[in-house]
Amino acid sequence: MAQHHRLEDREVSILMVEPAVAPGPDGQGQGAGEPLVVRYSIDPHHGVTASRPHQEGWKLDASAFLLDLPNEPNAILVVGPELRVIERGMGGSELLNRAALGAAAWRREQARSLRRLRLPDRLLAFSEELNRAQSLPAVCAALIEHVGRIAGGYTGLVYLHENTGPGQEGLFPADHPWLLRGLGAASLPADLRFLGPGLISSDEVLPSLGSPFGNLAPVFHEAAAVAAAYVPLGDRGMLLVLERRSHRIFEAEDWDLLRSVARQAEVALERVNLFERVHALTLTDPLTGLGNRRKLEVVLEHAFAAARRGQSLSLVMIDMDGFKEFNDTHGHVRGDEVLRGFAEALHRQVRGSDLVVRYGGDEFLFVLTGATASDAEIMVDRLRTELDVSMRFSAGVAEYHPSVTSPADLIDRADRALYAGRRARGGSVTRAR
């Protein structure tokens with residue numbers, strides 16, 4: 001499970017050196033002895049642990065050195081290349097906590113400087129991946145992968161606006177590479193996409209409070225997040241950055257970065273949406289909205305390969321009876337209306353794995369994967385029952401057989417079955433032999 005670990009998330013290690021007093025003959029201190037050296041590891045989740053040089057597992061990897069001078073009002077904190085004077089106070093845990101805060105502050109400053117240094121490269125990498133994205137999931141993956149690094153947060157989360165039916169409008173999370181649990185139930189109200197930018201605290205995700213962010217509770221829990229900064233992605237959704245550090249303050253430059261990232265994402269989402277619309281147009285008949293011959297070639301090629309491996313496959317060629325005469329009598333406008341109505345009726349018969357295309361003029365073709373010729377004939381009978389009596393049609397059915405040499409051969413058999421039936425008795429369904 002891949003996760004991002006930041007420099008400022010690691011534990012703080014302090015090496016503390018204290019002058020020691022050697023015991024005299026009477027057991028009382030007299031004179032200087034060996035200095036006392038202790039390594040303290042301070043972790044926000046596991047507290048403080050101490051180790052000394054003579055103990056097993058000792059290692060000198062401290063990130064800060066604290067020189068405690070009991071006779072002086074101040075101690076010296078050595079962190080990185082810097083020396084900092086800190087008040088000694090009562091010494092002991094009070095001094096240790098001050099040293100830990102000083103070391104943590106220095107680390108945050110270093111992390112911020114490092115992030116600024118790396119920011120141009122990170123923005124460039126994000127822009128390049130975003131420009132390569134050719135689908136909605138690819139755009140979301142680029143956002144999730146890069147926004148945490150750019151904004152200095154734990155990880156990103158993308159919510160997109162979806163309308164899944166009457167009363168089902170909302171914001172739903174895009175797939176995340178490792179935040180998996182709870183995402184399915186983490187939807188948000190649709191109108192939140194117009195808010196922002198803003199900050200969500202862990203208190204606001206408590207479902208008992210009735211907050212609009214209540215469904216984020218499982219996400220906050222899994223990510224151990226204490227806050228989430230969010231910015232809108234136009235009217236498409238929201239971009240969130242989860243944060244684990246309670247002391248994190250989102251400053252003006254952070255919000256500027258998040259807005260910049262969101263604007264780039266909006267452009268990419270619009271580009272992908274336009275690409276998908278254009279791609280759909282190349283595969284769609286403009287009059288009826290059904291698939292066209294190009295889409296038929298793509299789908300039938302895969303279905304034919306599956307049929308050769310043993311899966312059933314049937315085609316149904318349908319031709320409207322008397323359409324030419326109707327068109328000549330009532331005109332093309334009325335004829336187009338009839339074609340659209342007929343196409344809608346055909347589309348209602350299609351299962352998720354099937355395809356219906358406008359083959360040409362008033363001819364339509366069904367590709368029924370996993371269906372035998374008998375299944376296809378049942379579908380045709382169901383269609384006749386649904387259609388208005390004025391919409392009569394003839395149909396030819398062809399089922400895949402090892403003797404069929406190609407997809408074009410299977411189409412030709414369905415076409416010949418259609419016209420054989422029409423010559424014999426109009427308005428019927430005929431099976432290819």
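Let's start with Thr155, whose bridge partner in strand β13 is Leu242. Strands count as paired if DSSP finds at least two bridges between them; the elements themselves are DSSP runs, helices being H or I of at least four residues and strands E of at least two, numbered from the N terminus. Before I go on: this is a predicted model, in which local features need pLDDT of at least 70 and side-chain atom pairs count only at pLDDT 80 or more, while totals for chains, interfaces and linings use all residues. Residues are numbered from 1 along each chain as its sequence is written, and side-chain values use heavy atoms, leaving out hydrogens and water.

So where does that bridge sit? Strand β9, residues 155–163, pairs with β13 in the antiparallel sense, over six bridges. Both strands belong to an open five-stranded sheet with antiparallel pairing, and its order is β10-β9-β13-β12-β11. At the edges you find β10 (169–173) and β11, each of which pairs on one side only. From one strand to the next, the twist averages 25°.

Touching, or contact, is heavy atoms within 4.5 Å.

Let me zoom in on a few residues. Glu243 lies in β13, which covers residues 237–243. Is Glu243 buried or exposed? Glu243 has a relative accessible area of 1%, so it is buried; the cut-offs are under 20% for buried and over 50% for exposed, with partly exposed in between, using a 1.4 Å probe and protein chains only. The Glu243 side chain makes a polar contact with the side chain of Arg245, at 2.8 Å. For a polar contact we want a pair of N or O atoms within 3.5 Å; within protein, one must be able to donate a hydrogen and the other to accept it, and residues adjacent in sequence count only if both atoms are side-chain atoms. Ala229 is 14 residues from Glu243 along the chain, with 7.8 Å between their C-alpha atoms.

Setting aside residues up to four places away in sequence, Asp254 touches Arg115, Ala151, Arg248 and Ile249.

Asn215 is in the loop between β11 (198–201) and α3 (217–223). Its relative accessible area is 34%, so Asn215 is partly exposed. Beyond its neighbours within four places in sequence, Asn215 is in contact with Ala185, Ala186 and Ser187. A polar atom of the Asn215 side chain lies 2.9 Å from the backbone oxygen of Ser187.

On to helix pairs. α1 (residues 92–132) packs against α2 at an angle of about 175°, with the axes 9 Å apart. That makes them roughly antiparallel to each other; on this scale, under 35 degrees is roughly parallel, over 145 roughly antiparallel, 65 to 115 roughly perpendicular, and the rest oblique. Among the residues that meet here are Arg115, Leu119 and Phe126 in α1, and Val139, Leu143 and His146 in α2. The residues of this contact split into 11 nonpolar, one polar and four charged. Nonpolar here is Ala, Val, Leu, Ile, Met, Phe, Trp, Tyr, Cys and Pro; charged is Asp, Glu, Lys and Arg; the others, Gly among them, are polar.

For α6 (residues 323–330) and α7 (residues 332–347), the axes come within 7 Å and cross at roughly 140°. These two helices are therefore oblique to each other.

One last stop, a hairpin. β15 and β16 form it with two residues between them, and Gly361 in the turn has a positive phi of about 60°. The two strands, β15 and β16 (residues 363–369), pair in the antiparallel sense over five bridges, and Gly360 stands opposite Glu363 in β16. Five of the six residues of β15 (355–360) are buried, so this strand is largely enclosed by the rest of the structure.

And the whole chain? The protein chain has nine helices and 18 strands, and 42% of its 433 residues count as buried.

Methods:
Axes fitted to C-alpha atoms, helices over the stretch in contact; angles between N-to-C directions.
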